[in-house]
Amino acid sequence: MAVEPRLAADDTGLLDALPIAAAIFTLNKGKLWIEAMNARFIDLAGCHGEPEVFADTFRHFASGEGGAFISAFLASPASARDEIEIADGDGVNRRFLKLKLSPLAASTSGVPRCLLSVVDRTIEVQAEHNLRAEMLRDSLTGLSNRLGFTEAIEQVRESGEGEHAVLVIDMLRFSRINESMGSMAGDELLITFARRLMLALRADDVLARTGGNEFGILVSLQGGVEDALAAAERIRQVVNAPFRLSDMEIRVECAVGVAVMQPDQDSEELFRNAQFAVKQAKLAGRPQVYEPTKATEARRRFSIETELRRALDRDELTLAYQPLINLKTAEVSGFEALARWNHEDRGEISPTEFIPVAEESGLILHLGRWVMDKAAATLAEWDRTAGEKLPLYVGVNLSAIQVARDNVAEVVESALKSSGLSGDRLTLELTESSIVQDPGRAQRVFDALKALGPTVAMDDFGTGYSSLAYLQRLPIDVLKIDKSFVADMMVDPDAVAIVRAILSLAEALGMSTTAEGIETVELATTLATLGCASGQGFYFAKPLEADAALEYWRSRRR
Ligand code: C2E
Ligand code: MG
Ligand code: MG
């Protein structure tokens, strides 16, 4: 559509009074005409004088988007749009103009007319652009930040070309460096680290700082996941050389997690997967590729934690009691209390699954107190039912986390107090792991527990790392031989040798012994012959509900 500019002297004066660039357009015989315009409009167009030059400069109003916009409005002002933004020119000359139309009365000859006002928004738009660029950039390193990185992933994803992976790199022990050397040194290290990472990039890779000490790299894969692992290896190499910080030379290590982009996967999920892999890499000590099954496990652990918290609050856990048999007399000498969780949807969840979760989350403190109270209360209840003080004890497991973080002596004391039991009716089962971490504390805790009167047993003995020196020094009464050795005794002479060794060690230290996991009569008699004092296992009975346990004791006595 050609424009035929025509200056109408009488209207120009009126338009000149307006504070913005404005022009009157008409549509006549299918052509757009400029009937009048003000000085600001001429300025904005950058043309003065000759109508031909003028027409040329206004191409963007007359043809293309602007022209179509004005024509449509003139053809039907009621239904057409009256405001658009257009970009004009390119490079440094690029302008952003906002066009607004207002209807005017038709001319005497009936030709439709409208008023176009133009606002130059170039400066604002550029400021927005800059602000946006700023928002996507990390000011310390000048790299993209998390937001910018996500956008870069999104772009690659939308292009749909080739295979890609995201690497997340976590600089290890950064907070310690930051604390000990100051945040200036920390900043310097981050900048240097970022520069090193750049050395590991290939042409199209995108590096970003996605968190405090976390970096992300988007790589394209030609040879599958191997490519990403090769990138991880390049990273290891560039990071390997010492870093110079002020006058110091320090070594920096990093963990690398890899996630390969899947179709229909949004950038957030991809990034989170790589972050998950980096957590695994920290544990494994080498780069890890994201695997959904591991994440499923982690999610299950997490939901177990949430649900265990609720189960504890709602008192949904129970205790099962497994008899301990005196191998000489075949009498029941006591019961070990074992936590049970029957989940309404998932069914029975094994303590080998939920106890570690409880330990990791700290819930074990709550759970441990509950078990102690409940077990003591049950034994007291049995006494009341029988009308006598039964010749039985109850064994309660204490986690290493409880020993390290709770006041377990107080926990035991309070259970004894509220149940009315004497201390000697309890056996506390502790593990070697509760000694290893802080032997000094373990000594104090064991002594305090012992002072309350219970028997102290070392559970799962032989699977941990306790030193013989501590075994001798701590007030331990019983070694419980781990069921893994017991189970192997019939097939593996080495297992027999280990059991013998534990039995003679116990004898030398003046301790008694209990064998766990006795599943057959052969094991029961063999262990009795070898001199093991007490035994526990499916051969005698599985862990039982409280009533059934008391009944079991009665039936064995008869
Ligand atoms: P543990 O303290 O060594 O308990 C003995 C485990 O061996 C129990 O498993 C018991 O059911 C199982 N067992 C007993 N006899 C046999 C047998 O003949 N064959 C086999 N294969 N297994 C036998 P459970 O109840 O699954 O508990 C597993 C572990 O969970 C316990 O090992 C203990 O470490 C922990 N645990 C259970 N309840 C508690 C608790 O209340 N507090 C703490 N801290 N840990 C608990
Ligand atoms: Mg135990
Ligand atoms: Mg055990």
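Hi everyone. Let me start with the pocket: ligand 1 takes up the space of the largest one in this structure. By pocket I mean, on a 1 Å grid over the protein atoms alone, an open set of points with protein on both sides within 12 Å along at least five of seven lines. A molecule sits in a pocket if more than half of its atoms lie within 2 Å of its grid points.

A word on what you are looking at. This is a predicted model, where local features need pLDDT of at least 70 and side-chain atom pairs count only at pLDDT 80 or more, while totals for chains, interfaces and linings use all residues. Residues are numbered from 1 along each chain as its sequence is written, chains are lettered from A and ligands numbered from 1 in the order in which they are written, and side-chain values use heavy atoms, with hydrogens and water left out.

Back to ligand 1. Which residues come nearest to it? Of the 22 around ligand 1, they are Arg340, Asn397, Asp459, Glu519 and Phe538. Being around a molecule here means having a heavy atom within 4 Å of it.

Now the polar contacts, which are pairs of N or O atoms within 3.5 Å; within protein, one must be able to donate a hydrogen and the other to accept it, and residues adjacent in sequence count only if both atoms are side-chain atoms. Asparagine 397 places a polar side-chain atom 2.9 Å from an oxygen atom of ligand 1. For aspartate 459 that distance to a ligand 1 oxygen atom is 2.8 Å. Lysine 483 has a side-chain N or O atom 3.0 Å from an oxygen atom of ligand 1. On its own, ligand 1 exposes 790 Å², and the protein buries 85% of that. Those areas come from the Shrake-Rupley method with a 1.4 Å probe.

Which elements give two or more residues to the shell around ligand 1? They are strand S15 (332–343), helix H13 (351–361) and strand S19. S15 gives the most, with four residues. Helices (H or I, at least four residues) and strands (E, at least two) are DSSP runs, numbered from the N terminus.

Next, the metals. The magnesium ion that is ligand 2 has four protein donors listed: Glu336 (OE), Asn397 (OD1), Glu429 (OE) and Asp459 (OD), at 2.0 to 2.2 Å. Donors are N, O and S atoms within 2.8 Å of the metal (3.2 Å for Na, K and Ca), and water is not among the atoms, so sites may look incomplete. Along the chain, the donors of ligand 2 follow the spacing E-x60-N-x31-E-x29-D. Distant parts of the chain are linked here: glutamate 429 is in strand S18 (residues 426–431) and aspartate 459 in strand S19, 30 residues apart.

Are these two buried or exposed? Glutamate 429 is buried at 3% relative accessibility, and aspartate 459 is buried too, at 6%. Buried means under 20% relative accessible area, exposed over 50%, and partly exposed in between, with a 1.4 Å probe and protein chains only.

The other magnesium ion, ligand 3, has Asp459 (OD), Asp460 (OD) and Glu516 (OE) as its protein donors, 1.8 to 2.3 Å away. Their spacing along the chain is D-D-x55-E. The two magnesium ions, ligand 3 and ligand 2, are 4.1 Å apart, and aspartate 459 coordinates both. Aspartate 459 lies in strand S19 (residues 455–461) and glutamate 516 in the loop between strand S21 (512–515) and helix H22 (521–530), so this pair ties together parts that are 57 residues apart in sequence. Both aspartate 459 and glutamate 516 are buried.

One last stop, at asparagine 145. This residue is in the loop between helix H6 (122–135) and helix H7 (146–159) and counts as buried at 17% relative accessibility. The side chain of asparagine 145 reaches the backbone nitrogen of glycine 148 at 2.9 Å.

Conventions. 1 Å grid on protein atoms, 1.4 Å probe; cavity = no way out; pocket = protein on both sides within 12 Å on 5 of 7 lines; lining within 4 Å.
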